[in-house]
Amino acid sequence: MKKIYFLALLLFSQQLFSQYVSSGIGKWKLGLNIGATWQTADVSTDLFDLGYGATLEYALYEKQNSFFGLSLRGRFLQGKTTGYDYLTRQETISNNTLNGSIDTSINYSFAPIYLNNKTSLNEFSLEGMLKWNRLYQNHGILFYIYLGGGFTNYKVETDQLGFDGNMYNYGLINEGNGASTVTEIKSLQDGSYETELSNPNYSTLVFTPAVGVGLGFRIVPGLDFALEHKISLPQTDLFDGQLHQTNAPSFIKDIYHYTSLGLIFSIVHSTDPETYIPPVEPITPITTNTTTPTKPII
């Protein structure tokens, strides 16, 4: 039975290959991806969270023998980033639910605090891709870079109150031991992330430029595997729930990353395999002399 399945798969692959050879390169491609998301922000982190998404690509220029190809791709990405500071802070807190602006009994301003955040994000973007087309056509190696932009809808929550609604006593934490300090913080907290960011400048929808690179290979004609890394720069300094301080650089510091593994399917092709007729080299006809020679008269 296994031999029958293998033979069927082999025949299907050969048929698919013959169609792609005759029809050329697909114009539309659907990508599905899953990977790790993390942030580079005011709240430090070495944690990775789950992200997943989809892309829809249209080939603007992809001739069979062209060195480069150009494509336009739409993307949807959903993910989460988590941050934990292992260094205590005693400074102004930008979250109004934690600085006494909303409830005077909850005020961490100039009190010991270890910042943390859980940020959920949904990104919708458009990307221009530069692809090494000849490398892919001749060797099946997929390599591309892209630059794009879109909008990110995000929500920031933090865990700074216990089950009883009271502030944590961070004086019990041994500061500055890196991972062990974070472990102590998590043991003290209840892990509920009950407090959403509240700030006059907090906008849940921001413009997000992005840049990325991809490397992969052709599994079978019409199906590719790709490893990608994308760097996104949301135009806000509240992505981690905390504004940088006045002595920090003035540029926006918050960034999130997405490293993914994905499959790319060719779904619509530039030429219909059923109607495509390959060109035929012209054949020069060979002429022969069919005239019967006349017999001389004696």
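Which residues are linked in a network of salt bridges? They are Arg73, Arg75, Glu127 and Glu228. The model is predicted, so local features need pLDDT of at least 70 and side-chain atom pairs count only at pLDDT 80 or more, while totals for chains, interfaces and linings use all residues. Residues are numbered from 1 along each chain as its sequence is written, and side-chain values use heavy atoms, with hydrogens and water left out.

A salt bridge here is a side-chain nitrogen of Lys or Arg within 4 Å of a carboxyl oxygen of Asp or Glu. The whole structure holds 10 salt bridges. Arg75 pairs with Glu127, and their closest N and O atoms are 2.6 Å apart. This pair links distant parts of the chain. Arg75 is in strand E3 and Glu127 is in strand E4, 52 residues apart. Strands (E, at least two residues) are DSSP runs, numbered from the N terminus. Both Arg75 and Glu127 are buried, meaning under 20% relative accessible area; exposed is over 50%, and partly exposed lies in between (1.4 Å probe, protein chains only).

Arg75 also meets Glu228 in a salt bridge, at 3.0 Å from N to O. Glu228 lies in strand E8 and Arg75 in strand E3, so the pair ties together parts that are 153 residues apart in sequence. Arg75 and Glu228 are both buried. A further salt bridge joins Glu91 to Arg89, with the closest N and O atoms 3.3 Å apart. Glu91 and Arg89 are both buried.

Empty space was examined next. Rolling a probe the size of a water molecule over the atoms shows where empty space is left. A cavity is a set of points, on a 1 Å grid over the protein atoms alone, where a 1.4 Å probe fits but cannot get out; lining residues have an atom within 4 Å of a point. Grid points are joined across faces, edges and corners, and a volume is the space filled by probe spheres set on the points. The structure holds four cavities of 30 Å³ or more.

The largest cavity contains about 110 Å³ of space. It is lined by 15 residues, and the closest to its centre are Asn95, Leu115, Asn116, Thr158 and Gly241. Strand E4 (116–131) and strand E5 (141–158) each give two or more residues to this lining. Seven lining residues of the largest cavity are nonpolar, seven are polar and one is charged. Ala, Val, Leu, Ile, Met, Phe, Trp, Tyr, Cys and Pro count as nonpolar, Asp, Glu, Lys and Arg as charged, and the others, Gly among them, as polar.

The second largest cavity holds about 80 Å³. Its lining includes Arg73, Tyr144 and Glu228. E1, strand E8 (223–232) and E9 each supply at least two residues of that lining. E9 has the largest share, with four residues. The lining of the second largest cavity has five nonpolar, five polar and two charged residues.

On the surface, a nonpolar patch has about 1000 Å² of accessible area together. Patch residues have over 30% relative accessible area and no salt bridge; nonpolar side chains (Val, Leu, Ile, Met, Phe, Trp, Tyr) are joined within 5 Å, and like charges within 9 Å. Accessible areas come from the Shrake-Rupley method with a 1.4 Å probe, and for residues only the protein chains shown count as cover. Among the patch members are Trp28, Tyr58, Leu126 and Val268. E2 gives the most, four residues. Val268 is in strand E9 and is partly exposed, with a relative accessible area of 41%.

Methods: 1 Å grid on protein atoms, 1.4 Å probe; cavity = no way out; pocket = protein on both sides within 12 Å on 5 of 7 lines; lining within 4 Å.
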